[in-house]
Amino acid sequence: MGRQGDDNARGGSRLVPKEGRKPEPAIAPDVTGAELDRSVRQQLRTLSKENAEGVAQHLVMVAALLEAEDLDGALAHAETAVRRAGRVPAAREALGFVAYRMGDFARALTEFRTVRRLSGSSHLLPLMVDCERGLGRPARALELLGSPEARQLGQEEQVELLIVGSGIRRDMGQPQAAVLALQGQVDKVAKKPWAARVWYAYADALLEVGRTDDARAWFAKAAVADQDGETDAVERVEELDGVRLDEVEVSDEGTDGQEPEQA
C-alpha cells in the first residue's frame, strides 16, 4: 500500500504507458522524395533506405506547404522528419525554418544552432542573427554579425547580414547608421538576384531618416527588380504616392462584370 502511495506521489506508476507517438501527417500522392536536391539526398544516406525515403517525402511536403502558407501543416511534417532523422542537418534546418516563419524565434535559433553543430556550416548565420533580433537581443545579434564565421560567408550571405544589420541598427534607434550599413552596396548589387532585397532595405532606412523622395526612388527600383514578389515594394511606392489599394481595387463579388453604381 505504501509503495503504491509512493508511486502516486511521484506522478504515477511506472506501469502507466507513455503517451503514444503522434501519427505521421499524410504525404501527397504525387510526392516521391526524389524532388529533393542531391545535396540533401546525400545527407539522408546515413539512414536506412526506407527511412530515408520517408524523411525525403516529409521534407518535400515541408517545402510545398510553406509555399502554400500552411505553416501548421509544414510544422507537422518538419517535426516528423526530425523525429525520424534528428541528426540529419537538413531535417533540423527544415524545422528551424518553419519555426522562423511562424515567429517562434527561440525554437528556430535552437534548430539553426544544431544545424551548425552537425554540419560545421555557418550558412544559417543571417537567420540566427535575425532570430536574436526577434528575441529582442540586438547586442547579441551584432556580436554574431561581427563574428569570424560571418566574415567567412559567401557574398549573398554577407549581403543578407548587412540587410539584417541595418534593421538591427534601426531597432536600436540608430537610423543613420542603418543607412550607412547599406549605402556601399546599393550600386554593387545592380545585377545580382538579391538586388531587390538590398534596395528595399535601403529605401526603408532612407524613409526613417526623412529622405522620402530618395526612399520612393529606391522602392521603385526594388519593385522593378523584384520579379518573384519577395517584397511589397509596389505597395510601398503607392503608399508614398498617396494611393490606397482599398480605394482602387473593386471586388468581383456581386458585380457581374458591371461598373459599380455611382453614389
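## Overall make-up

Of the protein's 263 residues, 37% count as buried. Buried means under 20% relative accessible area, exposed means over 50%, and partly exposed lies in between (1.4 Å probe, protein chains only). This is a predicted model: local features need pLDDT of at least 70, side-chain atom pairs count only at pLDDT 80 or more, and totals for chains, interfaces and linings use all residues. Residues are numbered from 1 along each chain as its sequence is written, and side-chain values use heavy atoms, with hydrogens and water left out.

The protein has 15 helices and zero strands. Helices (H or I, at least four residues) and strands (E, at least two) are DSSP runs, numbered from the N terminus. A contact means heavy atoms within 4.5 Å. Among contacts between residues at least 6 apart in sequence, 52% join residues at least 24 apart.

## Confidence

The mean pLDDT is 87, and 84% of residues reach 70 or more. pLDDT is the predictor's confidence in each residue, from 0 to 100. Over residues 1–18 it stays under 50, and the model has two contacts there beyond four places in sequence. Residues 244–263 are also below 50, with three contacts beyond near neighbours in sequence. Where pLDDT is low, the predicted coordinates should not be read in detail.

## Helices H3 and H4

Helix H3 spans residues 49–67 and helix H4 spans residues 71–84. Their axes come within 8 Å and cross at roughly 160°. Axes are lines fitted to C-alpha atoms, for helices over the stretch in contact, and angles run from 0 to 180 degrees between N-to-C directions. H3 and H4 are therefore roughly antiparallel. Angles over 145 degrees count that way; under 35 is roughly parallel, 65 to 115 roughly perpendicular, and the rest oblique.

## Two threonines

Thr 80 sits in helix H4. Thr 80 is buried, at 1% relative accessible area. Leaving aside residues up to four places away in sequence, Thr 80 touches Glu 24, Pro 25 and His 58.

Thr 110 lies in helix H6, residues 105–119. Thr 110 is partly exposed, at 42% relative accessibility. Thr 110 and Met 128 are 18 residues apart in sequence and 9.1 Å apart in space, C-alpha to C-alpha.
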